[in-house]
Amino acid sequence: MHDQLRTTASEAGYTESNGKLQILSCGAEDTPAILSSLNNNQVDTIISILTLCSVPNPQATIKNLIHDVLKPGGQFLYYEHVLSPLKDVAWWQRFWAPLWAFWLDGCRMDQPTHAYVEEVPGRGDEDVWKERSVWGKEGEPDSHLFWHRVGRYVKA
């Protein structure tokens, strides 16, 4: 998978040799390893594509990534399948979630990951986000079992 990421990124002008790309071989929840790989430097952008559904404790992971790894003014971009706001669809998501997680290495289709990102607590009374934008996958109805959200958040 890393070779495919490198190829795709290189076609867009992002390479490890020019310092615009760094692929880490640790889990998103391992923020100490991430920071160590980055020489304890924070990053401008974190991108999560269909990843947070498989993290054991997504709320803590998202909070730690935002507080510890993302620099002020940095952006958090995501594309995730999330819990539907429609009660009947959410019921089916919760029904299938245990089997889905077993088949797909812990992936949970029934997590409101988009809400977890929105609700990251700031330090003190301040909001952690200075900009936020969330939208759906083009052409996907709200009744879709694998309902997706796309988000762009900028850290204050």
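Start at leucine 104, in the loop between α4 (87-103) and α5 (113-118). The model on screen is predicted. Leucine 104 counts as partly exposed, at 39% relative accessibility.

Now go inside. Which residues have the most contacts within the largest nonpolar core? Select Ile66, Val69, Phe76 and Trp129. The core they belong to has 20 residues. Colour the elements that give two or more residues to this core: α2 (31-37), β1 (43-49), α3 (58-69), β2 (70-81) and α5. Of these, α3 gives the most, with 4 residues.

Stay on α3. The helix has 12 residues. From first C-alpha to last, α3 reaches 15 Å, close to the 16 Å expected at 1.5 Å a residue. Show its buried residues: Pro58, Thr61, Ile62, Leu65, Ile66, His67 and Val69. What lies over them? The cover includes α2, β1, β2, α5, β3 (129-136) and β4 (148-155).

Centre on valine 69. Set aside its neighbours within four places in sequence. The contacts of valine 69 are then Thr31, Ile34, Leu35, Leu38, Gln42, Val43, Ile46 and Asn64.

Next, the charged pairs. How many salt bridges are there? The count comes to 8.

- Select arginine 108 and aspartate 110. Their closest N and O atoms are 2.9 Å apart in a salt bridge. Arginine 108 is partly exposed at 29% relative accessibility, whereas aspartate 110 is buried, at 13% relative accessible area. Aspartate 110 counts as buried because its value is under 20%.
- Select arginine 132 and aspartate 127. Their side chains meet in a salt bridge at 3.0 Å, N to O. Arginine 132 is partly exposed at 37% relative accessibility. Aspartate 127 is partly exposed too, with a relative accessible area of 41%.
- Select arginine 152 and glutamate 131. This salt bridge spans 3.2 Å, N to O. The pair links distant parts of the chain: arginine 152 sits in strand β4 and glutamate 131 in strand β3, 21 residues apart. Arginine 152 is partly exposed, with 33% relative accessible area. Glutamate 131 is partly exposed at 38% relative accessibility.
- Finish with Asp3, Arg6 and Glu16. Salt bridges that share partners join these residues into one network.

Key:
Residues are numbered from 1 along each chain as its sequence is written. This is a predicted model: local features need pLDDT of at least 70, side-chain atom pairs count only at pLDDT 80 or more; totals for chains, interfaces and linings use all residues. Side-chain values use heavy atoms; hydrogens and water are left out. Buried means under 20% relative accessible area, exposed over 50%, partly exposed in between (1.4 Å probe, protein chains only). A nonpolar core is a set of buried Ala, Val, Leu, Ile, Met, Phe, Trp, Tyr and Cys residues joined through side-chain atoms within 4.5 Å. Contact means heavy atoms within 4.5 Å. The expected span of a helix is 1.5 Å times one less than its number of residues. A salt bridge is a side-chain nitrogen of Lys or Arg within 4 Å of a carboxyl oxygen of Asp or Glu.
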